[in-house]
Amino acid sequence: MKLQGLRVLDLTLFLPGPYLTLALADHGAEVIKIEPPGEGDPTRHLGLSDGASTVYFRNLNRGKKSVVLDLKKAEERAALLRLVDTADVFVESFRPGVVERLGIGYEQLAARNPRLVYCSISAFERDGPYRDRPAHDLAVEALSGVLSMTLGQDGKPTIPGLPLADLLASLQGLAGILMALLRREKTGKGDYVGIAMHDAMVAGLANILGPTLAEKRQPVARHERTTGGSAFYRLYETADGRYLALGGQEMKFVRNLLGALGRPELAPLCEKPGPHQQPVMQFLEGVFRAKTLQENLDFLVPLDVCYAPVNTLPEALEAARDMLLRDESGRVHLAPPIRFRDEPARPNLREPSLDEHRALKKS
C-alpha cells in the first residue's frame, strides 16, 4: 500500500482529525490513536452500536491502534515523546495554547524529530480574533456565510445534512500532510501544517462569490445558479410525496428535457439563472407532481438529462454497493473512496478497543 511504513500519531477526537487519519490508515500507515483517560474518544459512546463500538466510532477509527495517555502527567508525556521520536506525522486538534503548555507544540517536537510533519486542526485561525472561541461544525458553517446560502422552503437558514466544515478541514489537512511528506523526500525536513475549519469553509465558497466579489452584495440565494435560481438545478416533488433532483443546467440538457415534454420554447429562459425562470419551474413542478417518483424516473432514463432520485440512506447504500465492505461479523463498512490501480487500499475493518495497544507506551 502507498503509505506502508509511515507512523502517524493521532491526538484528535470526534470527526475532522479521525477522518483524516482514517485515509492514512486505509492506505497502509500505522496510525496510533492517543486517547484521553476515562472513556477515550467521545465517539465511542455517541449514537447506535452494531457490535463492539458505535457505528460513529468504527467508521472513523478502523485499522488504528489505541493508546491511552494522560498528558497532564510527566511520565505519560514522556511516553508520547518517545513515540514522537519514531513518528512521521503528528495530528492534533487541541484549543490554542494547550500543546505549548504540555510541551508538545511544533517547535518542541521538531527539535526532537526534524522530519516530523505536524498538522494542527482548529475551528478558527490560531492568530485570529476567534482563536479562543470553542466551536463545532455548525457554528463554523454559520460564521463562514454558508448557512446564509443554505435555505429551506421557508427561506430561512437550515442545517445541512453533512458536517461540511469538519469534512473540508479534514481533506485540506490530508492534502497538506501529503504535500509536506512529498517535499520531505527532497529536503529531509518536516513542516507545520495549520488547518482552520473556518478557512476551509471560506475557501469552499469559490463558486458562489460572484455577486459578493463583483458587486459587493449578498447573493439572493433563490435567484442564484446553484441555490434556487435555476429550474434545472432544483428539487421537485412527485405524486407519491417523494422528490427528484434535476442537476445539470447545460443547455443541451435543458433542450433535451423540454423538447421531450413538448415545450422547447421555454428553453431560452434557462440560459441564465434568476426569477425569470419561474414559468419553467412551475411547468416542471406540474409535470413531476403528476407522476410517482418511479414513473418520472422511467420517463427520464432514455433522455440525456442530469437527474437523480432523492434517496433515503438505505436506498443510497443499496445504489452504492461498490462503496460497501462487510467484515467477518457481517457489519457493513464504507470503502475507501481513493482508488489506485496499483497498491490499492486494504482497510483493516477492525476498530481498536480502548488502550488495546498500551505496550506501545514503552517503545
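Author: A salt bridge here is a side-chain nitrogen of Lys or Arg within 4 Å of a carboxyl oxygen of Asp or Glu. The model is predicted. Asp355 forms such a bridge with Lys361, and the closest N and O atoms are 3.9 Å apart. That distance is inside the cut-off because the limit is 4 Å.

Asp355 is found in the segment after β11. Is Asp355 buried or exposed? Asp355 counts as buried because its relative accessibility is 12% and the limit for buried is under 20%. The backbone at Asp355 also deserves a remark. Most residues other than glycine have a negative phi. Asp355, which is not a glycine, has a positive phi of about 65°.

Glu343 is also placed in the segment after β11. Its phi is near 50°, again a positive value in a residue other than glycine. Glu343 has a relative accessibility of 41%, so it counts as partly exposed.

Arg331 pairs with Glu351, with 2.9 Å between the closest N and O atoms. Arg331 sits in the loop between β10 (324–326) and β11, and Glu351 in the segment after β11, so the bridge ties together parts that are 20 residues apart in sequence. Both Arg331 and Glu351 are buried.

Asp85 and Arg112 make another salt bridge, with their closest N and O atoms at 2.8 Å. This pair links distant parts of the chain: Asp85 is in the loop between α3 (74–84) and β4, Arg112 is in helix α5 (residues 106–112), and 27 residues separate them. How exposed is Asp85? Asp85 is partly exposed at a relative accessible area of 38%, and Arg112 is partly exposed at 40%.

Lys2 lies over the face of Phe340, at 4.8 Å from the ring centre.

Contacts between rings come next. The search over the whole structure finds six aromatic pairs. One of these is Phe90 with Tyr118, a stacked pair with 4.9 Å from centre to centre and 25° between the planes. Phe90 and Tyr118 are both buried. Together with Tyr106 and Tyr192, they form one aromatic cluster.

The largest pocket holds about 1500 Å³ of space. Its lining counts 41 residues, and those nearest the pocket centre are Met149, Leu151, Thr226, Thr227 and Gly228. Two or more lining residues come from each of α7 (164–187), β7 (233–237), β8 (243–247) and α11 (278–289). Which element gives the most to this lining? It is β7, with five residues. By type, the lining divides into 20 nonpolar, 16 polar and five charged residues.

About 1200 Å³ of space lies in the second largest pocket. Here 32 residues form the lining, with Tyr19, Asn59, Leu60, Leu162 and Leu334 nearest the centre. The elements that each supply at least two lining residues are α1 (16–26), α2 (55–61), α7, α13 (313–319) and β11 (332–334). Of these elements, α2 gives the most, with five residues. This lining divides into 25 nonpolar, four polar and three charged residues.

As for the chain as a whole, it has 13 helices and eleven strands. The C-alpha trace spans about 75 × 50 × 40 Å along its principal axes. Buried residues make up 43% of the 363 residues, and Asp355, with its bridge to Lys361, is one of the buried residues.

Technical notes
Residues numbered from 1 in each chain as written. Predicted model: local features only at pLDDT ≥ 70, side-chain atom pairs only at ≥ 80, totals over all residues. Heavy atoms only, no water. Phe/Tyr/Trp six-rings, centres within 6.5 Å; stacked < 30°, edge-to-face > 60°. Buried < 20%, exposed > 50% of the residue type's maximum accessible area, 1.4 Å probe, protein only. Lys NZ or Arg CZ within 6 Å of the ring centre and 35° of its normal. 1 Å grid on protein atoms, 1.4 Å probe; cavity = no way out; pocket = protein on both sides within 12 Å on 5 of 7 lines; lining within 4 Å. Points joined across faces, edges and corners; volume = space filled by probe spheres on them. Helix = DSSP H or I, 4+ residues; strand = E, 2+ residues; numbered from the N terminus. Nonpolar A, V, L, I, M, F, W, Y, C, P; charged D, E, K, R; others polar.
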